[in-house]
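Grab a pencil and work through these exercises on a protein model. Try each task yourself before you read the solution.

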Amino acid sequence: MTPVLAQIAQIFLVVALAPLITGWVRLVKARLNGRIGASPFQPYRDVFRLLQKEAVVAHSASWIFRAAPYVTFAAVWLAACIIPTFTTNMVLAPAADLIALVALLGVARFWTALAGMDVGTSFGGLGASREMMIASLAEPAMLMVSFSLSLITGTTSPAQIVAFVLSGGVGVEVSLGLALAALIMVAIAENGRIPIDNPATHLELTMVHEAMVLEYSGRHLALMEGAGMVRLTLFMALIGGIFAPWGMAQPEAGALGLAIGLGAFLAKCFLLATALGIFETVIAKMRVFRYADFLGGALLLGLLATIFLYVSEAV
Amino acid sequence: MMGNVSLLDFLSSGHPVEGHRPWPRFRLDIRAWRALVGQLATSEWSVISLWGEPEEIHVALRDDESGQIAIASHPCPERWYVSLGRARPGVIRLERAAFDLWGLAPMGLEDRRPWLDHGRWPSRKPLASQPQPAAERPLTYDFLAAEGEGLHQIPVGPVHAGVIEPGHFRFHCQGEAVVRLEQRLGYVHKGIDGLLTERSVEDAARVAARVSGDATVAYSLAFARAVEAALGCEVPPRAHWLRALMAEMERIANHVFDIGAVCNDAAFAIMLSHMGVLREKILRANDALFGHRLLMDRVVPGGCARDLSEEGAEALKHLLHGFTKDFERAFKLYDNTPSLSDRTQGTGIANGSLVHRFGAGGFVGRASGRGHDSRKAPGYQPYDMLDLSIPVYAEGDVNARLMVRFDEVRESLGLITQILSDMPQGAFRAPLPSLAGEGLAVVESFRGEVMVWVRMDESGRVARAHAHDPSWFQWPLLEAAIEGNIVADFPLCNKSFNCSYSGADL
């Protein structure tokens, strides 16, 4: 398969798969709560329903409110396209790096927060301020993870990091473990999962992400929800790809290699989604002011990962 | 010393009203009423409720020291009376409501904003002898101001995102910290006092059962006891035991669901699932034993609507055995989840002295050191024959309110076991005589003390009645408890109070 074809496949794969993963997490949680739960394909129906509905926009909304869903979805989608999922052999792979990834996610967040404040409701503002507080803590942690990864592998390109790890260039590194822990914590915060945010809540006063998109409806809401689903898939691909890249197709792989790559990617996603569902069931949401402790911990882990690299080199 | 006068001694200066049972009612003139207001400021008496009639104001009082209960009534043909609000802040909302309903003006009360009346009723002062025409437009409501740099308002409700009752909350915040919370209620006003005027006993009982649907047994029981007191009617012993059984079933069902709902608000949904299953077991048992899941209209004046069969009692015993085991497992889960304890401990502390000043009961009072329970004081059948202890905690936080609920469920399970083994045989319903009289009853609902007062006319109809919900004295404490907490913790605090909107909106 040529890099162009692989890239196109990836572009559609991440969007097509994202609702299923979200639906799977919900199903796992429902089963653990003793409920039958909706089918894992329910999010597809929800998005389809929303797309057919009329988009109601508040009188006080400006063009920012209308543009934000498109910008947000596009930024998250693009970010998801540059993460290697089933193959590293993609046309955009050389252009991609982890710093760009952080920036793209930052753009999406910035626009969502702007849209939350744009309508002028107090919940939108509340959500935006909380989201920015989380971002100010999560982004440095994410960058720290990127630095330690690039120090280990000598590159910030996800595809090359994967190739390096696959080639056996790294053994069991303490730094890698610390970076993984930090990345998981960041992923929980970025995706608004318990204990940072509750994606299933109806309580206006405790919402973060939901509060910002409270005013959206119809296709706008579909895009905002879709962006959330793709973001979750993105982080699963990132964690699964960098820390457990086994099975991923290399440039020289044939059709069989690609099939194995795809299978491995799906397996990793569902494994992580199941783990997420279990984790969310056994833990309660934390107090808003504890976010700093949680994400500060992620930042410190990232920092430690970097420091350990130098220490181990010096020894 | 002035504070040591007992309630009955103090009120005996007034004119006793004939035929008020089981506790006396005294009519006070203006001098005696003023003296009462002064006495309230220094005494330990608590106000049970305050309500009106077109030209009279009533206040039910309890002397906590001696346990005496009495009603003080003050005729006010000029439609004003001296406010009790300064001495007892919990009464302020009751006085504002009485002004909205009967047009009786509380003199000396600074806060004269309407409470129940939002200017959307077909007439204003609907229960006064001469109601006023409807307001031209809905009234604007001036929320108390909070000024300072960086303060902002968050209006929440009356329509909420979840399926809950309507009420408006106005937050003044500085960032995440709540500087002031003010409630505006009255959205579910149903005109209960009006509906309880000139009604047959059966109709009135159905209305009383629906004042606050989740405490329907407690309201039915309070209404039935008040009517029976007014008529001097003796209920067969078995009826008392059946009523207590239903009341405890209701208490368990509500408490377990509250526990689950509080945890769910901390995004710990598994607890809600466990508790939902437990509640459902109780509701199905209610349905099988008494023919209604929530036991609505099962307690009637004169006794109960249904008897409990031998097989039913056996089935219930069997159910409770499994229930206790599941409940204790759920308690362990609550106790062993540190992320949950981190949310509930130290959150939304209701100050003990405020709880005493407002006379708040139920789990709100007991979690802050006020251990009052109507089942003990004044006490009523069959609780005087049962072994019952009242859990009291001092912390006053969300966790304490949950712990009170956990303990009360255990107590109720024990009570049901005792009731099932000791229940006397015999009739479960007695006919009601047609007499005139007045009656008062206080009953412990799962939320706290429910009071019902009735006046019967000669033909045995309800001439007037008033129902008082414990939430009247708990809502204001929620405003106080959230101060200094963060906005995101409000749902947790609110759920742990679980005040009734319907009961307090009348």
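## Exercise 1: A lysine in a loop

Task: Decide whether B:K125 is buried, partly exposed or exposed, then look at its phi.

Solution. Before you start, keep in mind that this is a predicted model.
- Step 1: Count neighbours. B:K125 has 19 C-beta neighbours inside 10 Å.
- Step 2: Compare with the cut-offs. Buried needs 20 or more, and exposed means 12 or fewer, so B:K125 counts as partly exposed.
- Step 3: Find its place. B:K125 sits in the loop between β9 (123-124) and β10 (132-133) of chain B.
- Step 4: Check phi. The value is positive, about 50°, although B:K125 is not a glycine. Most residues other than glycine have a negative phi.

## Exercise 2: Another positive phi

Task: Work out where B:L506 lies and whether B:L506 is buried or exposed.

Solution.
- Step 1: B:L506 belongs to the segment after α17 (501-505) of chain B.
- Step 2: Phi of B:L506 is near 55°, again a positive value in a residue other than glycine.
- Step 3: There are 26 C-beta neighbours inside 10 Å, so B:L506 counts as buried.

## Exercise 3: Cis peptide bonds

Task: Look at the bonds from B:R21 to B:P22 and from B:Q381 to B:P382, and say what omega is for each.

Solution.
- Step 1: Most peptide bonds are trans.
- Step 2: From B:R21 to B:P22, omega is near -10°, and the bond is cis. B:P22 is in the loop between β2 and β3 (25-27) of chain B.
- Step 3: Between B:Q381 and B:P382, omega is about -5°, and this bond is cis too. B:P382 lies in the loop between α13 (375-379) and α14 (398-422) of chain B.

## Exercise 4: Two helices side by side

Task: Describe how α2 and α9 of chain A pack.

Solution.
- Step 1: Packed helices are described by the angle and the distance between their axes.
- Step 2: Helix α2 (residues 42-52) and helix α9 (residues 218-243) of chain A meet at an angle of about 150°, and their axes are 7 Å apart.
- Step 3: An angle over 145 degrees counts as roughly antiparallel, so that is what α2(A) is to α9(A).
- Step 4: Who touches whom? On the α2(A) side you'll find A:P43, A:V47, A:L50 and A:L51, while α9(A) brings residues including A:L221, A:A222 and A:M229.
- Step 5: Sort the contact residues: 7 are nonpolar, 2 polar and 2 charged.

## Exercise 5: The whole of chain A

Task: What is chain A built from, and how compact is it?

Solution.
- Step 1: Chain A has 11 helices and 0 strands.
- Step 2: Its radius of gyration is 19 Å, close to the 20 Å that the globule rule gives for 315 residues, so chain A is as compact as a globular protein of that length.
- Step 3: The C-alpha trace of chain A spans about 60 × 45 × 45 Å along its principal axes.
- Step 4: Of the 315 residues in chain A, 53% are buried.

## Exercise 6: Where the chains meet

Task: Which element of chain B gives the largest share of the side that touches chain A?

Solution.
- Step 1: The contact joins 24 residues of chain B and 23 residues of chain A.
- Step 2: β11 (151-156), α8 (269-290), α10 (338-344) and α16 (490-497) of chain B each supply at least two residues of that side.
- Step 3: The largest share, 4 residues, comes from α10(B).
- Step 4: This side of chain B divides into 15 nonpolar, 4 polar and 5 charged residues.

Notes. Residues are numbered from 1 along each chain as its sequence is written. Chains are lettered from A and ligands numbered from 1 in the order in which they are written. This is a predicted model: local features need pLDDT of at least 70, side-chain atom pairs count only at pLDDT 80 or more; totals for chains, interfaces and linings use all residues. Axes are lines fitted to C-alpha atoms, for helices over the stretch in contact, and angles run from 0 to 180 degrees between N-to-C directions. Angles under 35 degrees count as roughly parallel, over 145 as roughly antiparallel, 65 to 115 as roughly perpendicular and the rest as oblique. Two residues are in contact if their C-beta atoms, placed from the backbone, lie within 7 Å. Ala, Val, Leu, Ile, Met, Phe, Trp, Tyr, Cys and Pro count as nonpolar, Asp, Glu, Lys and Arg as charged, and the others, Gly among them, as polar. The radius of gyration is taken over C-alpha atoms; the globule rule is 2.2 Å times the number of residues to the power 0.38.
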